[in-house]
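Have a look along with me.

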Amino acid sequence: MKSRQWLLAQRPQGEITPEHFKLVERDIGKPDLDKGEILVKHQIFLCAPAMRGWMQADRSSFVPPIDPGDSIISLGGAKVIKSSNPDFPEGARIYCVGAWQEYQVLDPAKTECRVIEDDLPLTEAIGVYSVNAMTAYFGLLNVGQPKEGETLVVSGAAGSTGSVVGQIA
């Protein structure tokens, strides 16, 4: 099976331009799925500031760097096309970490994947209800445990996590 795929052509220095990316078509290989794997068709990808560090090989990131020639990776939304995993049935819409490519075989035991409720738009699943929002919610309410009368300072309130913290507060 062929799949269009966005690769990192070169590490960015300064402003990111189209020359930093390369669109190719590759065979994804595996005609059959191993136990637990799913074949997905990606429908939407998140483009986040943290990805800049991944493309520049920022070693302080929790995500391994993307090397030139490798697929761009990010959070995104996809549809399960074929499944050998009962938790991810064919037709399910999922939130996952994946490559910027049309089709991909994923193993949910090895990468972040979760089923999205049918009535939740993909843009909301990877936006307001995704990792940054959950970090804000649980970080503020479970870890910070603010009390009435206390002052809350959010040093990064313009970012995706900090802006949600401000809204919750």
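I began with Y137, which is partly exposed at a relative accessible area of 41% (buried is under 20%, exposed over 50%, partly exposed in between, with a 1.4 Å probe and protein chains only). I am working with a predicted model, where local features need pLDDT of at least 70, side-chain atom pairs count only at pLDDT 80 or more, and totals for chains, interfaces and linings use all residues. Residues are numbered from 1 along each chain as its sequence is written, and side-chain values use heavy atoms, leaving out hydrogens and water.

Next I looked up where Y137 sits, and found it in helix α3 (helices are DSSP runs of H or I with at least four residues, strands runs of E with at least two, numbered from the N terminus).

Which residues form the nonpolar patch on the surface? I noted V131, M134, Y137, F138, L141 and I168, with about 480 Å² of accessible area together. Helix α3, residues 131–144, gives the largest share of that patch, five residues.

Then I stepped back to the fold. I listed four helices and seven strands, in the order β-β-β-α-β-β-β-β-α-α-α along the sequence. The C-alpha atoms fill a box of roughly 60 × 45 × 25 Å along the principal axes.

Of the 169 residues, 34% count as buried. Among contacts (heavy atoms within 4.5 Å) with a separation of 6 or more, 61% come from residues 24 or more positions apart.

Technical notes
Patch = residues over 30% accessible without salt bridge, like charges linked within 9 Å, V, L, I, M, F, W, Y side chains within 5 Å. Areas by Shrake-Rupley, 256 points an atom, 1.4 Å probe, with all protein chains shown as cover. Salt bridge = Lys/Arg side-chain N within 4 Å of Asp/Glu carboxyl O.
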